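Good morning, colleagues. Please look at the model on the screen while I go through some of its surface and ring contacts.

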Amino acid sequence: MFSLKQNSWFIRKVVIWRAVASIAWSVLLLPVTTAVFVLLSRFSLFHPIQWISDCTSLLTASSTIFSLVVLCGVVLITGFFNLEFYTLVPSIPCSRMALLGMVLHPRQCVHSLVYCTMGMLVMWCASVTIGGRYSTLGTPCRQSESGEVVTCLNEYHLFLLLAGAFMGYSHSFLGVVQNMYYMSFQPIQQYKYPRFKGCLPMVVKCSVVQALYSARNFAALYFFFGYAPKTWISSTLNLQINSSLQPLDSLTGLLDFSLLYHLSISGTFLYLTWYLTVLLFRIYVIEAYSFPVQSTFTEDAEQCLPKVLTEKNTLVMKFLALQDLALLSQHSLSRRLEVFSLSQPGGHPHNWNAISRECLSLLSELTQRLVAHQDAVASNGRVKSQSASSDTRSASSSSSVVSGTDDIVETPRLNVPLRTPGSVFKSSVGGANSTLTAPFTPDVDSPFSSPAIRRLVGQQDPQSPWFGTVQSPHIMRRGPKLWSASTESQSNGSPPASPATVLSPPAASQKPSFLAQWLQNRREQLPEASSQALFADCQAHIWALQGLSHLVAASFSEDQFGVVQTTLPSILSCLVVLLEAVDRHFKLPHASSKPVRTICSMGDSTYKTLRFALRAALKTAIYKITTTFGEHLNAVNISTEHRKRLQQFLEFKE
């Protein structure tokens, strides 16, 4: 109980207080951004003296101070949502239906509703600050026959409020589509102020661009549907509509330069307030943290690096620990010596065993994930026949993932793997407990296999369309698509429909309805997104590769007790097996070989290139070990196949 309390306090100290610091700085930046907004909203080119005096008096007015209080509340709520929704593993929808499910999720609907409300609050503050015709929702327009002043609806104020709600929903929607709450760790470590200074121009540019896009879209939306909310609000609040003014839901009403200008700068102020909060949260939370390798006191053992590496409840702590491992393995001699040290009394390498075990578990889990994915692709989403040969291949494949030879101790596997979007494995065969078959193994029972292969093995199915005369190769195009395997039967435990029945012309009574066909098309997986989702959490594996390789290379001259040599065969075998799995993945037709270009948005798209970074880090790690040990690797007890692959690295042929 004591250690759990200590660990929870430690996590609160690292994560919560970083989030609080980012929110505090966002609040402190509010007067600066508000002052810039006031200067732009009252801009006057021909009367500069009056412009400066009006802005000075407005900044000290009570309405502006009240608006700042409201904006502080908005920033606090934004910071809370950042802490609640942030993620280190992006959610990548692998189908259109999955994306629709994310947008319509109840949690996301609440998020959109809150941001619509906050958008209206920010726009209300902006309209009060601008003043003039935007100041209030109701304005006196004329006198009635009895002499009373009639209050009419101020459509300009309503226009800005509805624009704020629209921009709030756009921000919430783009947060899902662009993974705005995904936080990636920078490859080059920077202090907080230089990084904020470097990212500030990008944040301002994205705020302006997004505000212009939102202003254009909202103006078009208000042109077609603006009459309905205007009529409903006027009748609800008992306000009259001033017929003497040009309505804004018309072309001449929207072609108002002053209105569009104030809408654009108000939208820029709204997005800048939210984007600065997101930027500061990213900078603070993912800042590098140095964990002690070992501690003299027992109560501080939960805060040491080997213990934090196994953290499963708070993923950010695990990522920070892996990042610290990669940094210490390259830049800290004293901390590397602590990793190689022996416990007293007893003389056991507890630090190295714990660190290497966790890193190998991560890499082994990734290897199993890739092999399972390749097996699903090779079988084209269909259950392969469980022959003795396939069982043998499965057993040898799964054992080779863990260790290189029979004499090497099995590498521990990760019991609770890092979260990866489950849509990648919706078409996997048999789930997690299924046997793994070698990718690209020809299936003689499949109607897609060549008749020549069937004659070689002496098998030919009379029910197959390939029996007898060879059919047209266009039959293959009518077969099940590679990324549209059905998931209902597999989730229920029953095998999917036979491919032969798919190839045969369906009867008129069995023809699917238009709605069923439309839903099936929307559920078809996107190949590129599936590949990205497979490597969504690979930043942790990249750090594990960097930490392991640099520690192993440093052990050649710094490991006085030889603690690394006992696990070197397992490390080499694990790296080679992972490299083979990665190479096979990049040979699949869906794996793009070119990183995509990023556009101006606050959403972090670095996850799209994680698989390329992992492949580069993996080859770099192997080269780091082979160039350090050289021909001494011939004395390591590994399999012949792995030794041949390492020889290519020794000869610089990879």
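Predicted model: local features only at pLDDT ≥ 70, side-chain atom pairs only at ≥ 80, totals over all residues.

Residues are numbered from 1 along each chain as its sequence is written, and side-chain values use heavy atoms, with hydrogens and water left out.

First, the surface. Leu221, Phe223, Phe224, Phe225, Leu251 and Leu255 make a nonpolar patch of about 680 Å². Patches here consist of residues with over 30% relative accessible area and no salt bridge, nonpolar side chains (Val, Leu, Ile, Met, Phe, Trp, Tyr) being joined within 5 Å and like charges within 9 Å. A salt bridge is a side-chain nitrogen of Lys or Arg within 4 Å of a carboxyl oxygen of Asp or Glu. Areas come from the Shrake-Rupley method with a 1.4 Å probe, and for residues only the protein chains shown count as cover. Helix α8 (residues 192-225) gives the most to the patch, with 4 residues; helices are DSSP runs of H or I, at least four residues, numbered from the N terminus. Leucine 255 is placed in the loop between α10 (251-254) and α11 (257-285). With a relative accessible area of 64%, leucine 255 is exposed (over 50%; buried is under 20%, partly exposed in between).

Next, helix α4. Its buried residues include Val70, Leu71, Val74 and Val75.

Now the aromatic rings. Rings of Phe, Tyr and Trp (its six-membered ring) pair if their centres lie within 6.5 Å; planes under 30 degrees apart are stacked, over 60 edge-to-face, and the rest tilted. The count by this rule comes to 29 aromatic pairs. One of them, tyrosine 169 with phenylalanine 173, is stacked, at 6.3 Å centre to centre and 20° between the planes. Both residues lie in helix α7 (residues 155-177), 4 residues apart, about one turn of the helix. Tyrosine 169 is partly exposed at 38% relative accessibility, and phenylalanine 173 is partly exposed at 35%.

A second pair, tyrosine 623 and phenylalanine 652, is stacked because the ring centres are 5.8 Å apart and the planes at 10°. Tyrosine 623 lies in helix α24 (residues 610-629) and phenylalanine 652 in the segment after α25 (640-650), so the pair ties together parts 29 residues apart in sequence. Tyrosine 623 is buried, at 17% relative accessibility, whereas phenylalanine 652 is exposed, at 58%.

Key:
Helix = DSSP H or I, 4+ residues; strand = E, 2+ residues; numbered from the N terminus. Buried < 20%, exposed > 50% of the residue type's maximum accessible area, 1.4 Å probe, protein only.
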